[in-house]
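I opened this model to see how its parts pack. These are my notes, in the order in which I looked things up.

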Amino acid sequence: MKKCMTSILSLSLLLGGVSVVNAAEVPSVDTAVHAKADKPAKAEKQAKAEVSQQKLEKIKALAEKWGIDTTNLTAEQIKEAYKAKRAEVHGEKMANLKEKAEKWGVEVDGKTAKEVKAAVKAKQAEKHEQQLAKLVEKAEKAGVETSADQTVKEIKQAIQAKKAESKQQRQAKQAEHVAKLQEKADQLGIDTTGKTAKELKEAIRTKIAENKAASKAEKKAEKQAEKQAKKEAKQQAKQQAKQQAKQQNRV
């Protein structure tokens with residue numbers, strides 16, 4: 001009987017021990033609930049961190065495109081630097097736009113940047129039309145035909161081509177003229193070496209003037225000689241007449 005009781009007591013103690021061990025190893029219901037709740041919280045926190053990192057990388061890349069040094073800067077500092085840079089660039093653009101507007105005679109007071117740009121474009125278009133009209137007129141004077149579908153560049157090229165053609169024609173005429181001058185100079189015995197057309201003209205003019213003066217002097221000398229000869233002949237005739245008269249008187 002005592003052995004039986006001892007066995008029962010031992011079995012109870014054994015079972016009790018197992019229960020105690022199992023109770024220590026298995027988490028309680030509250031612990032399990034907290035463990036399940038911690039997992040989504042950690043995942044959410046990690047996701048937020050990843051999103052923040054991605055945003056930071058994007059804003060860094062954007063800032064670097066604008067020439068901003070992002071070294072050791074927080075996201076907020078980068079944002080502020082980016083805003084400041086944009087404001088600076090905007091200010092420079094506005095200053096350039098105002099300068100451009102003043103150049104084109106456009107009033108900027110009370111106008112937005114968009115309105116100023118539109119006004120400048122309108123002014124530029126007006127100026128372009130005026131230039132095009134003048135260019136077409138210039139082309140007509142140069143003997144160049146134009147059409148409505150031609151651009152300013154094409155009209156300019158046509159005018160330049162016409163000028164080049166006219167220049168070649170002038171040069172050809174000039175060369176022909178120089179050749180004639182050289183031929184005439186050779187006939188007059190003028191040395192043409194190294195002389196320009198202008199110099200040849202001057203040399204020919206001088207030579208012709210010299211020849212005319214020489215010819216005139218020669219003719220004058222001939223006339224004087226002829227006059228002197230006539231005078232002498234007349235005097236001789238008088239003397240002969242006197243001598244004949246004397247001889248007749250003696251007889």
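**Entry 1: α4 and α5**

I began with α4 and α5: α4 passes α5 in a left-handed crossing. I call a crossing left-handed if the near helix is turned anticlockwise from the far one by less than a right angle, and right-handed if clockwise. Helices here are DSSP runs of H or I with at least four residues, strands are runs of E with at least two, and both are numbered from the N terminus. The model is predicted, so local features need pLDDT of at least 70 and side-chain atom pairs count only at pLDDT 80 or more, while totals for chains, interfaces and linings use all residues. Residues are numbered from 1 along each chain as its sequence is written, and side-chain values use heavy atoms, with hydrogens and water left out.

I looked up the residues of the contact next (contact means heavy atoms within 4.5 Å). From α4 I noted H128, L132, L135, V136, K138 and A139, and from α5 V152, I155, K156, I159 and K163. They divide into seven nonpolar, one polar and three charged. Ala, Val, Leu, Ile, Met, Phe, Trp, Tyr, Cys and Pro count as nonpolar, Asp, Glu, Lys and Arg as charged, and the others, Gly among them, as polar.

Two packed helices are described by the angle between their axes and the distance between the axes. For α4 and α5 I read an angle of about 25° and axes 10 Å apart. Axes are lines fitted to C-alpha atoms, for helices over the stretch in contact, and angles run from 0 to 180 degrees between N-to-C directions. α4 and α5 are therefore roughly parallel to each other. The classes are: under 35 degrees roughly parallel, over 145 roughly antiparallel, 65 to 115 roughly perpendicular, and the rest oblique.

I also checked K141, which lies in helix α4. Is K141 buried or exposed? K141 is exposed, with a relative accessible area of 69%. The cut-offs are under 20% for buried, over 50% for exposed and partly exposed in between, with a 1.4 Å probe and protein chains only. K141 and I159 are 18 residues apart along the chain, and their C-alpha atoms are separated by 9.8 Å.

**Entry 2: α5 and α6**

I moved on to α5 and α6. Their axes come within 10 Å and cross at roughly 30°. That makes α5 roughly parallel to α6. α5 passes α6 in a left-handed crossing. Which residues make the contact? I listed Q174, H177, V178, L181, Q182, K184 and A185 of α5, and A197, L200, K201, I204 and I208 of α6. By class, the contact has seven nonpolar, three polar and two charged residues.

**Entry 3: the core**

I then looked for the largest nonpolar core. A nonpolar core is a set of buried Ala, Val, Leu, Ile, Met, Phe, Trp, Tyr and Cys residues joined through side-chain atoms within 4.5 Å. I found seven residues in it: L181, A185, I190, A197, L200, A203 and I204. The elements that give two or more residues are α5 (152-187) and α6 (197-250). α6 has the largest share, with four residues.

Leaving aside neighbours within four places in sequence, I190 is in contact with A185, A203, I204 and K207. I also stopped at T192, in the loop between α5 and α6. T192 is buried, at a relative accessible area of 17%. With the neighbours within four places again left aside, T192 is in contact with Q182, A185, D186 and L200.

**Entry 4: α3 and α4**

The crossing is left-handed. M94, L97, K100 and A101 of α3 are in contact with α4 through A113, V116, K117, V120 and Q124. I counted six nonpolar, one polar and two charged residues.

M94 of helix α3 is partly exposed, at a relative accessible area of 24%. From M94 to T112 is 18 residues in sequence and 9.9 Å in space, C-alpha to C-alpha.

**Entry 5: N72 and the whole chain**

I noted N72, in the loop between α2 (29-65) and α3. Phi of N72 is near 60°, a positive value in a residue other than glycine. Most residues other than glycine have a negative phi. N72 counts as exposed, at 76% relative accessibility.

Last, I took the totals. The protein has six helices and zero strands. Of its 251 residues, 10% count as buried. Among contacts between residues at least 6 apart in sequence, 7% join residues at least 24 apart.
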